[in-house]
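Here's a quick tour of a few spots worth a look. Have the sequence and the 3D view open as you read.

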Amino acid sequence: MSPYRPEFSPSEQTKIDAEFSRLANNKSVYLDHAGTTLYAENQVKAAAEQLHRNVICNPHTCRLTGDFVDQVRFKVLEFFNTTAEDYHVIFTANATAALSLVADNFDFGSSGDFHFCQENHTSVLGMRERVRANGIYMLRENEISGELANGKGKVQEETITKTGNSLVTFSAQCNFSGYKIPMDVIEKIQNDGLPIRGKQIWGPSKEKIENGQNNYYICLDAASFVATSPLDLHRYHPDYVCLSFYKIFGYPTGVGALLVSRRGAEAFGKRRFFGGGSINYAYPHAMDYQLRETFHQRYEDGTLPFLSIVGLLEGFRTLDRLVPKTEELSTMERISRHVHGLAKYLEEQLKQLKHANGEPLIQLYNKMGYREKCRQGGIVAFNVRTESGSFVGFGEIACVAALHGILLRTGCFCNIGACQYYLKLDEDAMDAIYKRAGRICGDYFDLIDGQPTGAVRVSFGYMTTIQDVDKLLEMLRSSYLATKPQQRIQFIEDQAEQLPPVLKERVQKLRPKLLQMAIYPVKSCAAFKVESQDSWPLTDQGLKYDREWMIVDMNGMALTQKRCTELCLIRPVIKADQLELRFGDDSSVSVPLSLADQAADSAKCVSKVCRQPVEGLDCGEEVAQWLSQHLGLEGLRLLRQSGQRNSSKDQQKLSLVNQAQFLLVNRSSVRSLQFEEPLDETVDRFRANIIIDTGCAFEELTYTALTIGGIQFQVEGPCQRCDMICINQRTGERSPETLTTISRLQSGRMRFGIYITRITNDLQAKGLHMTCGDTVLVA
């Protein structure tokens with residue numbers, strides 16, 4: 001592991017620290033520079049003094065203001081190592097407004113296409129709604145940089161007539177992961193075009209696509225890149241560069257720029273809108289107007305944000321003052337080295353964080369690691385995992401970080417495509433997250449069925465210190481390696497009032513919830529499920545109607561799935577006054593729910609469950625014949641429990657269950673099995689009454705007691721599994737690997753799920769209900 005080497009000298013670091021003393025005063029660690037960097041204290045003081053000293057007003061009125069704006073325009077060109085002969089500077093509200101300007105004005109001709117990178121900011125996706133392209137295509141990052149970087153582009157003959165202009169838009173640096181696309185692809189695409197069109201999102205059918213030869217133009221979303229890296233427009237020549245200045249200077253906000261090359265300017269078509277300041281004249285009585293001759297003036301509609309633009313001068317001066325260039329390195333090159341060094345150090349340290357069982361704490365998201373500064377910026381994206389490999393929701397991480405005074409970013413960072421790529425989300429998973437589950441950008445809906453919908457991102461600026469990084473590492477160690485989950489949740493809940501409102505809402509979801517209840521009215525048959533905020537009554541035997549009936553053979557012995565797997569195909573439905581049994585879509589039979597009604601017309605009988613005698617009522621000929629017909633066995637009868645049955649251990653009242661009143665299963669434990677079938681099908685194999693999801697596999701095996709919605713339970717012990725779980729409860733098919741997988745994960749033991757029994761309180765024994773969504777508290 002390489003040691004961290006500081007970029008700045010001690011005196012330089014002292015000077016930088018002095019400009020950001022408010023961080024220390026507020027006991028804050030700021031790690032979201034990809035969102036916005038921070039302004040220096042003397043920077044804003046100098047900007048205020050400039051406003052105090054000068055009369056700065058509308059540039060249409062005041063020549064001084066116009067001179068200031070021209071000075072800033074020159075500084076922007078100098079900052080990116082270019083001149084007014086090669087690039088125009090159009091001031092915009094931000095990088096998004098710059099992208100919008102390109103989308104509105106780029107002339108695609110008769111056959112030009114719009115290509116964008118999957119790993120791009122949401123604002124690039126917004127361009128699709130504005131462009132007037134022949135077709136719209138999504139390119140994966142390797143389709144832009146992979147083959148082209150290896151010189152495999154398709155060279156076009158100069159004699160071919162170009163019928164259109166195609167536009168390729170991508171980020172110089174991914175704001176999710178910090179990955180940098182090699183800049184040399186710009187010239188390759190401009191000269192050779194794209195060997196791969198990408199995935200068609202919109203446009204004519206493939207049969208109608210003509211292989212027209214187009215001119216290729218590059219729109220570079222540089223907002224994330226230029227915040228901490230030098231962009232040399234003398235060496236690289238994108239046609240359009242979009243950026244926001246607050247990413248670089250922290251102050252002022254509300255001003256960005258679109259840099260347009262001379263070549264790019266030629267591909268801008270006739271404007272479909274103009275505003276004040278962009279025209280020489282416009283007649284009200286006729287459709288007659290004339291745009292300004294100077295290119296940037298044609299696209300700067302209305303009065304410029306001149307006070308913000310003037311404030312940029314102090315931003316440039318501050319960077320030069322705090323990070324002075326050397327003989328070998330420019331200011332931005334030094335900043336790039338600084339943030340890359342911190343990111344590399346953090347990555348190396350995160351890789352060292354291990355749980356007691358050796359499992360890694362951190363899941364990192366990057367493509368090439370942090371070896372090369374030219375391919376990776378000062379951003380580290382990750383998720384936290386438990387010792388069983390389950391994911392911790394990024395909303396919880398945000399809560400813990402906030403309570404430690406650490407400001408970081410979580411979610412997808414307005415880059416859903418990068419989220420999709422790094423989290424390996426297919427199209428169905430995307431629909432599950434955004435359409436079916438209803439997640440929206442910026443929320444804290446962080447896990448769906450245990451899988452993350454986003455990540456944690458930390459990003460660095462020139463004012464970030466190694467001590468800031470160490471504080472993040474200490475937070476992760478103390479909260480996720482040295483603290484048990486229940487302790488951590490308690491820590492968050494105790495200090496929830498210190499959190500912002502959106503995170504307070506997330507605190508309410510930290511505790512595991514009762515996800516589902518399953519009632520098995522007929523022993524060994526399918527479940528009747530209760531979910532989605534519904535309630536179900538409890539009796540002194542467990543869930544009402546659970547295992548009150550059983551099927552016996554002609555010898556009076558209980559029939560189970562070990563002998564007849566087709567039992568799982570009999571689906572009970574509990575109605576107002578009937579228990580209906582269904583087989584397939586058309587066949588059903590019913591018996592009364594009321595025990596009194598059943599007793600009035602039934603013969604008494606005796607059977608056995610777990611060697612204990614059970615008093616029952618025979619449910620009659622109709623249901624008996626129906627069962628024999630569908631299960632293919634003669635002499636079957638349906639019995640209902642009528643007499644009291646107690647457990648041999650502690651005299652707890654039991655239904656026809658084998659061992660305890662309730663069986664609880666944790667979906668996180670089921671998820672860890674990684675069976676190649678839908679998770680719900682695997683959960684069904686374990687035939688539990690109570691389903692929860694703690695986020696940590698096999699955590700339930702450590703419980704001694706728990707409370708669900710205020711109702712107390714004691715743990716009787718783990719459930720020792722048999723080959724019954726090898727039966728798919730929806731098809732009746734056997735798959736022996738179920739049992740062998742559990743044995744392998746638990747070193748030969750067959751434990752899965754826990755038996756629990758309600759702790760009886762005579763004062764509260766009547767009228768109790770459990771509701772899906774109830775909070776689960778663990779002792």
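A polar atom of the Asn 728 side chain sits 2.8 Å from the backbone nitrogen of Arg 730, a polar contact (a pair of N or O atoms within 3.5 Å; within protein, one must be able to donate a hydrogen and the other to accept it, and residues adjacent in sequence count only if both atoms are side-chain atoms). Keep in mind that this is a predicted model, where local features need pLDDT of at least 70, side-chain atom pairs count only at pLDDT 80 or more, and totals for chains, interfaces and linings use all residues. Residues are numbered from 1 along each chain as its sequence is written, and side-chain values use heavy atoms, leaving out hydrogens and water.

**Around Asn 728**
- Asn 728 belongs to the loop between strand 33 (711-720) and helix 24 (737-745); helices (H or I, at least four residues) and strands (E, at least two) are DSSP runs, numbered from the N terminus.
- Asn 728 has a relative accessible area of 6%, so it counts as buried (under 20%; exposed is over 50%, partly exposed in between, with a 1.4 Å probe and protein chains only).
- Leaving aside residues up to four places away in sequence, Asn 728 touches Cys 568, Glu 677, Glu 681, Arg 685 and Glu 733, where contact means heavy atoms within 4.5 Å.

**Helix 5**
- At the start of helix 5, a side-chain oxygen of Asn 94 comes within 3.2 Å of the backbone nitrogen of Thr 96.
- Buried residues in helix 5 (residues 95-105) include Ala 95, Leu 99 and Val 102.
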